[in-house]
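Biologist: Could you take me through this one, with the rule behind each term as it comes up?

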Amino acid sequence: MRHSSNTLVDPAAAAPSGLFEQPVPRSLVHRASVSEVFLTSIHPDGPDRFLISAQWPRQHSFYRSRHGFHDPLIFAETIRQAGLIIGHTGYQVPLANPFILNGMEFDITPEGLARGAAPAHLMLETRCENIQRRGERLLGLEYRIDLYRDMVQVGSAHCGFTCVSPSVYRRLRGQAAGAGTGAGGDTGAGPASLCGELPPPVAPELVGQESAGDVVLSATDRPGSWLLRCDPDHPVLFDHPVDHVPGMVVLEAMRQAAFARSGGRPLLVGCAMEFLRYAELGLPTEIHAAPEPARADGTVPVRVAAAQNGDIVAQGVLRVRPDSGA
(Lines give C-alpha, C1' and ligand atoms only; values in the text may rest on other atoms or scores of the structure.)
Protein backbone atom coordinates (compact mmCIF):
# COMPACT_ATOMS: atom_id res chain seq x y z
CA MET A 1 0.00 0.00 0.00
CA ARG A 2 1.61 3.24 -1.12
CA HIS A 3 0.99 6.40 0.82
CA SER A 4 2.19 9.96 0.63
CA SER A 5 3.09 11.79 3.83
CA ASN A 6 0.48 10.65 6.35
CA THR A 7 -2.41 10.09 3.93
CA LEU A 8 -3.53 6.61 2.89
CA VAL A 9 -4.00 6.37 -0.85
CA ASP A 10 -7.24 4.62 -1.82
CA PRO A 11 -7.40 1.57 0.46
CA ALA A 12 -10.19 0.20 -1.73
CA ALA A 13 -7.61 -0.33 -4.47
CA ALA A 14 -5.83 -2.91 -2.32
CA ALA A 15 -8.84 -4.85 -1.10
CA PRO A 16 -12.38 -5.63 -2.23
CA SER A 17 -15.28 -3.39 -1.28
CA GLY A 18 -17.46 -4.21 1.69
CA LEU A 19 -14.60 -3.94 4.19
CA PHE A 20 -16.83 -3.01 7.10
CA GLU A 21 -19.90 -5.18 6.54
CA GLN A 22 -19.31 -7.79 9.25
CA PRO A 23 -16.75 -8.89 11.84
CA VAL A 24 -14.16 -11.54 11.11
CA PRO A 25 -14.77 -14.97 12.68
CA ARG A 26 -14.37 -14.59 16.44
CA SER A 27 -12.06 -17.62 16.67
CA LEU A 28 -9.43 -15.75 14.64
CA VAL A 29 -9.09 -13.08 17.36
CA HIS A 30 -9.64 -15.36 20.38
CA ARG A 31 -12.98 -13.87 21.45
CA ALA A 32 -16.02 -15.80 22.63
CA SER A 33 -18.50 -12.98 21.98
CA VAL A 34 -19.06 -11.66 18.48
CA SER A 35 -19.72 -8.21 19.97
CA GLU A 36 -16.09 -8.05 21.15
CA VAL A 37 -14.66 -8.48 17.64
CA PHE A 38 -13.51 -5.15 16.16
CA LEU A 39 -11.78 -6.38 13.00
CA THR A 40 -13.82 -6.71 9.82
CA SER A 41 -11.35 -7.96 7.17
CA ILE A 42 -7.72 -8.80 6.41
CA HIS A 43 -6.00 -8.80 3.02
CA PRO A 44 -2.38 -9.41 1.97
CA ASP A 45 -0.56 -6.21 0.99
CA GLY A 46 2.81 -7.58 -0.12
CA PRO A 47 5.33 -9.92 1.53
CA ASP A 48 4.73 -9.97 5.30
CA ARG A 49 2.36 -7.01 4.97
CA PHE A 50 -1.38 -6.93 5.59
CA LEU A 51 -4.20 -4.43 5.27
CA ILE A 52 -6.72 -4.86 8.09
CA SER A 53 -10.02 -3.03 8.47
CA ALA A 54 -11.72 -2.38 11.79
CA GLN A 55 -14.81 -0.69 13.14
CA TRP A 56 -15.22 0.94 16.53
CA PRO A 57 -18.83 1.31 17.73
CA ARG A 58 -19.99 4.73 18.86
CA GLN A 59 -20.52 3.19 22.27
CA HIS A 60 -19.34 -0.03 23.89
CA SER A 61 -20.40 -1.82 27.07
CA PHE A 62 -16.92 -1.51 28.61
CA TYR A 63 -14.70 0.56 26.30
CA ARG A 64 -17.07 3.47 26.74
CA SER A 65 -16.87 6.66 24.74
CA ARG A 66 -16.60 9.62 27.12
CA HIS A 67 -16.37 13.36 26.71
CA GLY A 68 -16.49 13.03 22.92
CA PHE A 69 -13.71 10.44 22.60
CA HIS A 70 -13.54 6.70 21.98
CA ASP A 71 -11.83 4.78 24.77
CA PRO A 72 -8.12 4.63 23.82
CA LEU A 73 -7.92 1.01 25.00
CA ILE A 74 -10.25 0.01 22.18
CA PHE A 75 -7.22 0.76 20.01
CA ALA A 76 -5.08 -1.49 22.22
CA GLU A 77 -7.60 -4.31 21.86
CA THR A 78 -7.67 -3.73 18.10
CA ILE A 79 -3.86 -4.04 18.03
CA ARG A 80 -4.05 -7.29 20.00
CA GLN A 81 -6.67 -8.72 17.64
CA ALA A 82 -4.60 -7.72 14.60
CA GLY A 83 -1.66 -9.83 15.76
CA LEU A 84 -3.86 -12.86 16.28
CA ILE A 85 -5.53 -12.74 12.89
CA ILE A 86 -2.18 -12.19 11.18
CA GLY A 87 -0.77 -15.25 12.93
CA HIS A 88 -3.71 -17.47 12.02
CA THR A 89 -4.43 -16.33 8.45
CA GLY A 90 -1.05 -15.00 7.35
CA TYR A 91 1.24 -17.62 8.88
CA GLN A 92 -1.12 -20.60 9.37
CA VAL A 93 -0.79 -20.82 13.15
CA PRO A 94 -3.36 -23.44 14.30
CA LEU A 95 -6.35 -22.03 16.16
CA ALA A 96 -5.56 -24.18 19.20
CA ASN A 97 -2.10 -22.64 19.67
CA PRO A 98 -1.77 -20.05 22.47
CA PHE A 99 -0.19 -16.67 21.77
CA ILE A 100 2.01 -14.92 24.34
CA LEU A 101 1.94 -11.12 24.23
CA ASN A 102 5.46 -9.79 24.77
CA GLY A 103 4.87 -6.06 24.57
CA MET A 104 2.77 -3.28 23.09
CA GLU A 105 3.42 0.31 22.12
CA PHE A 106 0.99 2.74 20.58
CA ASP A 107 0.36 6.41 19.95
CA ILE A 108 -2.91 7.93 18.81
CA THR A 109 -4.07 11.47 18.21
CA PRO A 110 -7.17 13.03 19.78
CA GLU A 111 -8.54 13.29 16.23
CA GLY A 112 -8.19 9.53 15.89
CA LEU A 113 -10.17 9.02 19.07
CA ALA A 114 -12.89 11.61 18.39
CA ARG A 115 -16.35 10.06 18.38
CA GLY A 116 -18.36 10.94 15.30
CA ALA A 117 -21.97 10.62 14.21
CA ALA A 118 -21.34 7.05 12.97
CA PRO A 119 -19.07 4.15 13.94
CA ALA A 120 -15.40 4.80 13.23
CA HIS A 121 -14.05 2.96 10.18
CA LEU A 122 -10.31 2.35 10.36
CA MET A 123 -7.58 0.81 8.26
CA LEU A 124 -4.50 -0.79 9.81
CA GLU A 125 -1.54 -0.90 7.44
CA THR A 126 0.51 -3.67 9.04
CA ARG A 127 4.03 -4.95 8.35
CA CYS A 128 5.68 -7.87 10.10
CA GLU A 129 9.35 -8.09 11.07
CA ASN A 130 11.74 -10.19 13.14
CA ILE A 131 9.81 -13.25 12.01
CA GLN A 132 11.00 -16.40 13.76
CA ARG A 133 10.27 -19.86 12.37
CA ARG A 134 11.24 -23.44 13.01
CA GLY A 135 10.86 -25.03 9.63
CA GLU A 136 7.43 -23.96 8.40
CA ARG A 137 6.11 -23.30 11.91
CA LEU A 138 5.86 -19.73 13.16
CA LEU A 139 7.44 -19.17 16.58
CA GLY A 140 6.79 -15.46 16.87
CA LEU A 141 7.06 -12.06 15.24
CA GLU A 142 6.78 -8.34 15.72
CA TYR A 143 4.40 -6.15 13.77
CA ARG A 144 4.06 -2.43 13.16
CA ILE A 145 0.78 -0.70 12.44
CA ASP A 146 -0.04 2.62 10.83
CA LEU A 147 -3.61 3.50 11.77
CA TYR A 148 -5.74 5.45 9.29
CA ARG A 149 -9.12 7.05 9.75
CA ASP A 150 -10.83 8.83 6.87
CA MET A 151 -7.68 8.24 4.81
CA VAL A 152 -5.45 10.18 7.25
CA GLN A 153 -2.94 8.58 9.60
CA VAL A 154 -4.01 9.09 13.21
CA GLY A 155 -1.92 6.55 15.10
CA SER A 156 0.78 3.90 15.09
CA ALA A 157 1.65 0.79 17.04
CA HIS A 158 4.37 -1.79 17.59
CA CYS A 159 3.64 -5.17 19.13
CA GLY A 160 5.18 -8.62 19.42
CA PHE A 161 4.05 -12.10 20.28
CA THR A 162 5.32 -15.65 20.68
CA CYS A 163 3.12 -18.60 19.72
CA VAL A 164 3.51 -22.09 21.14
CA SER A 165 1.87 -25.46 20.74
CA PRO A 166 -0.63 -26.61 23.38
CA SER A 167 1.89 -29.15 24.71
CA VAL A 168 4.62 -26.50 25.09
CA TYR A 169 2.12 -24.20 26.77
CA ARG A 170 1.26 -26.90 29.29
CA ARG A 171 4.95 -27.31 30.10
CA LEU A 172 5.41 -23.55 30.46
CA ARG A 173 2.43 -23.13 32.74
CA GLY A 174 2.82 -26.30 34.80
CA GLN A 175 -0.05 -26.85 37.21
CA ALA A 176 -1.58 -23.49 36.23
CA ALA A 177 -2.18 -24.64 32.64
CA GLY A 178 -5.89 -24.79 32.00
CA ALA A 179 -6.76 -24.03 35.63
CA GLY A 180 -10.30 -22.75 35.81
CA THR A 181 -10.93 -23.01 32.08
CA GLY A 182 -12.93 -26.19 32.22
CA ALA A 183 -12.48 -29.17 29.97
CA GLY A 184 -14.41 -27.54 27.15
CA GLY A 185 -12.95 -24.05 27.25
CA ASP A 186 -16.12 -22.03 26.62
CA THR A 187 -18.13 -24.33 28.87
CA GLY A 188 -15.78 -24.25 31.84
CA ALA A 189 -16.79 -22.95 35.23
CA GLY A 190 -14.20 -20.18 34.99
CA PRO A 191 -11.29 -19.18 37.22
CA ALA A 192 -13.40 -17.63 39.98
CA SER A 193 -12.18 -20.14 42.55
CA LEU A 194 -8.59 -19.06 41.91
CA CYS A 195 -9.30 -15.36 42.43
CA GLY A 196 -10.88 -15.57 45.86
CA GLU A 197 -13.12 -12.85 47.25
CA LEU A 198 -12.95 -9.56 45.40
CA PRO A 199 -11.57 -6.65 47.45
CA PRO A 200 -13.73 -3.50 47.50
CA PRO A 201 -13.34 -1.16 44.52
CA VAL A 202 -12.15 2.41 44.70
CA ALA A 203 -14.78 5.00 43.77
CA PRO A 204 -15.47 4.67 40.01
CA GLU A 205 -15.08 8.39 39.37
CA LEU A 206 -11.52 8.29 40.73
CA VAL A 207 -10.43 5.98 37.91
CA GLY A 208 -12.59 7.26 35.08
CA GLN A 209 -15.29 4.62 35.33
CA GLU A 210 -19.05 4.85 35.79
CA SER A 211 -19.77 1.46 37.34
CA ALA A 212 -18.12 -0.22 40.32
CA GLY A 213 -18.21 -3.46 38.34
CA ASP A 214 -15.74 -1.97 35.83
CA VAL A 215 -13.25 -0.86 38.49
CA VAL A 216 -10.18 -3.10 38.62
CA LEU A 217 -8.38 -1.36 41.51
CA SER A 218 -8.76 -1.65 45.27
CA ALA A 219 -7.21 0.86 47.67
CA THR A 220 -4.12 0.22 49.78
CA ASP A 221 -2.45 2.33 52.48
CA ARG A 222 0.47 3.11 50.12
CA PRO A 223 0.22 6.23 47.94
CA GLY A 224 0.43 5.38 44.26
CA SER A 225 -0.26 1.68 44.84
CA TRP A 226 -3.40 -0.42 44.51
CA LEU A 227 -4.43 -4.05 44.51
CA LEU A 228 -5.80 -5.55 41.32
CA ARG A 229 -9.48 -6.52 41.48
CA CYS A 230 -9.65 -9.51 39.18
CA ASP A 231 -13.30 -10.34 38.47
CA PRO A 232 -13.46 -13.45 36.25
CA ASP A 233 -17.18 -12.85 35.74
CA HIS A 234 -16.59 -9.58 33.89
CA PRO A 235 -18.09 -10.17 30.43
CA VAL A 236 -15.47 -8.18 28.50
CA LEU A 237 -12.22 -8.35 30.48
CA PHE A 238 -12.80 -12.10 30.89
CA ASP A 239 -14.57 -12.78 27.62
CA HIS A 240 -13.71 -16.47 28.03
CA PRO A 241 -12.11 -18.62 30.77
CA VAL A 242 -8.33 -18.31 31.10
CA ASP A 243 -5.65 -19.59 33.46
CA HIS A 244 -3.92 -16.23 34.07
CA VAL A 245 -4.65 -12.53 34.31
CA PRO A 246 -5.07 -11.34 30.69
CA GLY A 247 -2.70 -8.65 29.47
CA MET A 248 -5.63 -6.35 28.68
CA VAL A 249 -6.74 -6.58 32.32
CA VAL A 250 -3.26 -5.57 33.47
CA LEU A 251 -3.24 -2.69 30.97
CA GLU A 252 -6.68 -1.55 32.13
CA ALA A 253 -5.49 -1.57 35.75
CA MET A 254 -2.49 0.56 34.79
CA ARG A 255 -4.71 2.97 32.86
CA GLN A 256 -7.01 3.34 35.88
CA ALA A 257 -4.00 3.90 38.14
CA ALA A 258 -2.64 6.57 35.78
CA PHE A 259 -6.07 8.22 35.75
CA ALA A 260 -6.16 8.25 39.56
CA ARG A 261 -2.73 9.86 39.74
CA SER A 262 -3.50 12.45 37.06
CA GLY A 263 -6.84 13.86 38.20
CA GLY A 264 -9.33 15.69 36.01
CA ARG A 265 -10.21 14.08 32.69
CA PRO A 266 -6.91 12.77 31.31
CA LEU A 267 -6.94 11.21 27.85
CA LEU A 268 -4.58 8.29 27.21
CA VAL A 269 -2.73 8.99 23.95
CA GLY A 270 0.17 6.56 24.10
CA CYS A 271 1.81 3.68 25.89
CA ALA A 272 4.94 1.55 25.85
CA MET A 273 4.42 -1.70 27.73
CA GLU A 274 6.39 -4.90 28.23
CA PHE A 275 4.88 -8.08 29.65
CA LEU A 276 7.60 -10.01 31.46
CA ARG A 277 5.79 -13.03 32.85
CA TYR A 278 2.34 -14.43 33.47
CA ALA A 279 0.28 -12.72 36.16
CA GLU A 280 -1.26 -15.55 38.15
CA LEU A 281 -4.92 -15.46 39.11
CA GLY A 282 -4.28 -16.92 42.55
CA LEU A 283 -1.74 -14.30 43.68
CA PRO A 284 -2.28 -10.68 44.81
CA THR A 285 -1.20 -8.21 42.15
CA GLU A 286 0.05 -4.77 43.12
CA ILE A 287 -0.38 -1.93 40.62
CA HIS A 288 1.94 1.07 40.89
CA ALA A 289 1.75 4.42 39.10
CA ALA A 290 4.06 7.45 39.33
CA PRO A 291 3.62 10.57 37.14
CA GLU A 292 6.72 12.20 35.67
CA PRO A 293 7.25 15.81 34.54
CA ALA A 294 5.20 16.93 31.56
CA ARG A 295 6.79 16.74 28.13
CA ALA A 296 7.13 19.61 25.68
CA ASP A 297 3.97 18.49 23.86
CA GLY A 298 1.94 18.82 27.07
CA THR A 299 1.50 15.10 27.67
CA VAL A 300 2.39 13.62 31.05
CA PRO A 301 4.23 10.28 31.24
CA VAL A 302 3.08 7.98 34.02
CA ARG A 303 5.43 5.13 34.90
CA VAL A 304 3.42 2.01 35.75
CA ALA A 305 4.17 -1.51 36.96
CA ALA A 306 2.38 -4.66 38.08
CA ALA A 307 4.02 -6.95 40.62
CA GLN A 308 3.32 -10.29 42.30
CA ASN A 309 5.32 -11.46 45.31
CA GLY A 310 7.72 -8.59 44.69
CA ASP A 311 8.45 -9.62 41.10
CA ILE A 312 7.54 -7.29 38.24
CA VAL A 313 5.18 -9.02 35.79
CA ALA A 314 4.56 -6.01 33.53
CA GLN A 315 5.85 -2.47 33.34
CA GLY A 316 5.92 0.54 31.11
CA VAL A 317 4.97 4.15 30.57
CA LEU A 318 1.54 5.56 29.72
CA ARG A 319 1.23 9.03 28.20
CA VAL A 320 -1.84 11.06 29.10
CA ARG A 321 -3.07 14.42 27.92
CA PRO A 322 -4.30 16.18 31.08
CA ASP A 323 -7.95 17.17 31.24
CA SER A 324 -9.28 16.45 27.76
CA GLY A 325 -11.92 19.04 28.58
CA ALA A 326 -14.29 17.83 25.90
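Biologist: Which domains does the lining of the largest pocket draw on, and how do you know where the domains end?

Modeller: That lining draws at least three residues from each of domain 1 (26-165) and domain 2 (198-321). The bounds come from an automatic or database domain assignment. Bear in mind that this is a predicted model, where local features need pLDDT of at least 70 and side-chain atom pairs count only at pLDDT 80 or more, while totals for chains, interfaces and linings use all residues. Residues are numbered from 1 along each chain as its sequence is written, and side-chain values use heavy atoms, with hydrogens and water left out.

Biologist: What makes a pocket a pocket, and what volume does the largest pocket have?

Modeller: The search runs on a 1 Å grid over the protein atoms alone: a pocket is an open set of points with protein on both sides within 12 Å along at least five of seven lines, whereas a cavity is a set where a 1.4 Å probe fits but cannot get out. Points are joined across faces, edges and corners, and the volume is the space filled by probe spheres set on them. On that basis the largest pocket comes to about 1,400 Å³. Its lining has 50 residues, and H30, P98, H240, V242 and H244 are the closest to the centre. Lining residues have an atom within 4 Å of a point.

Biologist: Which helices and strands supply at least two residues each of that lining?

Modeller: They are α1 (73-90), β5 (99-108), β8 (152-163), α3 (166-173), α5 (247-262) and β14 (311-321). The largest share, four residues, comes from α1. Helices (H or I, at least four residues) and strands (E, at least two) are DSSP runs, numbered from the N terminus. The chain has five helices and 14 strands by that scheme.

Biologist: How do the residues of the lining of the largest pocket divide by class?

Modeller: There are 30 nonpolar, 11 polar and nine charged residues. Ala, Val, Leu, Ile, Met, Phe, Trp, Tyr, Cys and Pro count as nonpolar, Asp, Glu, Lys and Arg as charged, and the others, Gly among them, as polar.

Biologist: And the second largest pocket, what lines it?

Modeller: That one has a volume of about 340 Å³ and 21 lining residues, with R66, H67, G208, F259 and P266 nearest its centre. Helix α5 gives the most, three residues, and β11 (267-275) also supplies at least two.

Biologist: Why is E252 called buried?

Modeller: Buried means under 20% relative accessible area, exposed means over 50%, and partly exposed is in between (1.4 Å probe, protein chains only). E252 has 0% relative accessibility, so it counts as buried. This residue sits in helix α5 and touches F62, L73, Q209 and V216, leaving aside residues up to four places away in sequence. A contact means heavy atoms within 4.5 Å. Across the chain, 51% of the 326 residues count as buried.

Biologist: Last one: where is I42, and what does I42 touch?

Modeller: I42 is in strand β3 (residues 39-44). Residues up to four places away aside, I42 touches F50, L51, I52, I85, I86 and T89. I42 and I52 are 10 residues apart in sequence, with 4.4 Å between their C-alpha atoms.
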